[in-house]
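The sequence and structure come before the discussion.

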Amino acid sequence: MHSKTSRYVGLLYVLPALAFVLTFTVYPLGQMVWMSLHNWSLIAAKKYVGAGNFIKAWNDPQFWISLEFTLKYTILITPVLMVLGYLIALLTAENRPLRQITRSIVFVPVVIGLGASSLLWYWLFSYDFGLVNRALLDLGVIAKPVVWFGADADVALWAVIVSIVWKVVGFGTILFVAAIHAIPGEIGEAAMVDGAGYWQRVRRITLPLTAKTILLVTLVSVIGSLLAFDQFYIMTAGQPRNLTATSVFLIYLNSFPYLKLGYGAALSLILAGIILVCTCLQMLLSRRSHA
Amino acid sequence: MSAFGDAAAADRSSTRYLARGGLVERLAHGRQKYLVAAACVAVSTVMLLPLVASVLASLKSTEEAAAVPPTYFPHSLSLDSYERLWNYQAGLPTYFSNSLGAALLTILFCLVLTIPAGYGLAKFRIPAKEALFVVLLLGLIVPYQALLTPLFFLFVQLKLHNSLVGLAIVHTAIQLPFSIYVMRNAFEAVPRELEEAAIMDGCNSFQVLLYICLPAVVPAMITVSLFAFITSWNELLAALVIMNKDSSFTLPLILAAARQQTSIGGTDWGMLQAGITISIIPCMAFYLLLQKYYMAGFLSGAVK
């Protein structure tokens with residue numbers, strides 16, 4: 001199968017996938033660059049504006065509000081996800097029935113849809129009809145119901161964070177457990193002979209030896225958070241006053257309801273640039289882990 | 001549950017050092033045993049509670065579902081919410097089959113594209129293979145969220161907006177890098193001797209793919225299909241952009257729309273929970289049934 005002709009036979013097999021990627025990823029990417037340089041809407045004529053759309057973004061307060069809010073969300077949720085994910089991994093790493101069941105249960109929300117889970121939490125956090133207010137009132141934690149969504153951007157942010165931690169904490173847990181299982185048993189046993197206590201062993205052995213996984217999961221989670229959309233679209237709808245509209249939300253708003261496609265494309269390009277940096281870091285890291 | 005063991009069972013001894021004198025061993029003797037067990041039960045309860053609450057709420061009667069303050073447990077069980085969901089706007093059957101159609105098409109596209117691609121990449125010398133692989137994995141670098149504006153425009157020109165094929169194309173684009181990665185690895189694991197024997201018998205490369213390699217990569221095909229299904233079934237943003245006719249909505253779309261306006265005036269919370277329950281069931285079922293394949297794909301491709 002490795003004669004000279006098979007070089008092209010192989011290419012033939014790859015061709016359909018290649019054509020697909022060229023049509024539905026590479027071409028739109030080029031189109032996006034082109035659009036970002038134009039004043040482009042479905043109705044009006046296209047007009048070349050050069051860097052105009054990018055300058056517009058720079059001067060658009062909403063662009064900065066959205067970027068800042070997205071970063072804030074990412075910076076707040078990532079440590080919560082990592083620490084909780086790791087603690088649950090430590091708790092459930094041993095292969096015993098109760099722990100394995102717990103691990104499976106923690107992972108369940110990962111497979112359900114982000115839209116469904118956001119709607120579920122939108123209900124739980126609802127002012128009148130939600131069980132969160134009901135339970136907090138019954139427990140005496142709060143004196144009157146809290147308006148979770150629509151009034152205060154920070155309150156809404158924390159409510160969304162709670163829902164997303166519930167939804168994705170299992171993602172990290174499973175990968176951490178796999179990393180913990182990959183640690184050679186002798187290393188820990190040697191430490192035990194030295195009389196190291198449990199948390200000492202976690203700190204000196206488990207954490208350093210799973211550091212690469214922690215870093216990778218952190219990056220994946222950062223990328224996911226920077227691209228957040230569903231949870232805010234459903235739970236806050238950007239309210240109050242678009243203060244909780246994330247970067248992807250802003251792209252959506254400009255491109256579709258407002259039909260400012262050129263501006264939307266410029267915003268997309270900026271976001272793609274930010275994500276590119278994160279992805280390159282991630283690929284560098286995972287490449288090294290193969291070596 | 002044993003599926004987690006795949007990665008886990010490989011090295012049972014590796015957690016022993018954490019165990020002995022640590023959580024696990026003391027667990028075997030002392031009070032710690034109950035502490036760990038209690039922690040496990042507490043974590044599981046917190047994770048399951050929202051889902052249980054949603055299912056219970058979907059079974060409340062119409063009046064009870066709209067009660068302020070809400071009740072924890074339904075006083076009586078009723079399928080009213082499901083009935084209203086069934087008849088909501090274009091009707092649940094329409095939305096359900098839209099979602100199912102998009103998901104099945106996504107599975108089909110993913111398999112049709114990535115089986116030959118994985119085979120080609122794994123078994124042949126191809127000029128500039130590395131560069132080709134990078135192009136194929138481009139979707140990992142450029143998030144699809146950023147590509148939706150030009151994609152929408154392209155789809156308008158191709159008359160693919162408001163069509164399940166168009167939506168499935170976007171979902172396939174999302175899943176393609178992962179799927180190619182999984183398929184290539186699977187084909188690489190097929191022993192060369194098998195193919196060589198087949199070639200001696202006069203098989204051409206397509207017959208080798210069909211009769212020798214394909215049966216060996218069935219697990220990878222299941223993994224690819226499972227992830228394609230879950231992605232497509234749950235995806236919201238692309239559907240929001242591409243499907244703007246009420247009758248072409250998918251489940252996540254109609255539920256997101258129903259959170260604001262429903263037939264009973266305000267939000268119909270009972271119906272919403274019924275919708276959430278229905279959209280969660282297939283994902284949960286496939287995950288529980290095919291956990292082994294899910295974890296295989298997850299651990300190999302989730303962070304790479």
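## Chain B as a whole

In chain B, 72% of the contacts (heavy atoms within 4.5 Å) between residues at least 6 apart in sequence join residues at least 24 apart. The secondary structure of this chain comes to 18 helices and zero strands, where helices (H or I, at least four residues) and strands (E, at least two) are DSSP runs numbered from the N terminus. Of its 304 residues, 56% count as buried, a class defined by under 20% relative accessible area, with exposed meaning over 50% and partly exposed the range in between (1.4 Å probe, protein chains only). The accessible surface of chain B comes to about 12400 Å², and 67% of it belongs to carbon and sulfur atoms; such areas come from the Shrake-Rupley method with a 1.4 Å probe, and for residues only the protein chains shown count as cover.

## Basis of the values

This is a predicted model, in which local features need pLDDT of at least 70 and side-chain atom pairs count only at pLDDT 80 or more, while totals for chains, interfaces and linings use all residues. Residues are numbered from 1 along each chain as its sequence is written, chains are lettered from A and ligands numbered from 1 in the order in which they are written, and side-chain values use heavy atoms, with hydrogens and water left out.

## The interface

Between the two chains, 111 residues of chain A are in contact with 113 residues of chain B. The area buried there, that is, the accessible area (1.4 Å probe) that two parts lose on being put together, summed over both, is about 10300 Å², and carbon and sulfur atoms give 76% of it. The count of salt bridges between chain A and chain B is zero, a salt bridge being a side-chain nitrogen of Lys or Arg within 4 Å of a carboxyl oxygen of Asp or Glu.

## Salt bridges

Over all chains, a search of the whole structure finds five salt bridges. One of them joins Arg84(B) to Asp268(B), with the closest N and O atoms 2.5 Å apart. Because Arg84(B) lies in helix α6 (residues 80-87) and Asp268(B) in the loop between α16 (251-258) and α17 of chain B, the pair ties together parts that are 184 residues apart in sequence. Both Arg84(B) and Asp268(B) are buried.

Arg192(B) and Glu195(B) also meet in a salt bridge (3.6 Å, N to O), and both lie in helix α12 (residues 192-200) of chain B, three residues apart, about one turn of the helix. Arg192(B) is partly exposed at 31% relative accessibility, whereas Glu195(B) is buried at 1%. Salt bridges that share partners join these two residues and Lys123(B) into one network.

In chain A, Asp138(A) forms a salt bridge with Arg134(A), the closest N and O atoms being 3.0 Å apart. The two residues are four apart in helix α6 (residues 131-138) of chain A and so are separated by about one helical turn.

## Selected residues

Phe249(A) lies in helix α12 (residues 247-255) of chain A and is buried, at 4% relative accessibility. Leaving aside neighbours within four places in sequence, its contacts are Phe229(A), Phe232(A), Tyr233(A), Ala237(A) and Gly238(A).

In chain B, Thr277(B) is found in helix α17 (residues 269-289) and is buried at 9% relative accessibility. Not counting residues up to four places away in sequence, Thr277(B) touches Ser54(B), Val55(B), Ser58(B) and Tyr82(B).
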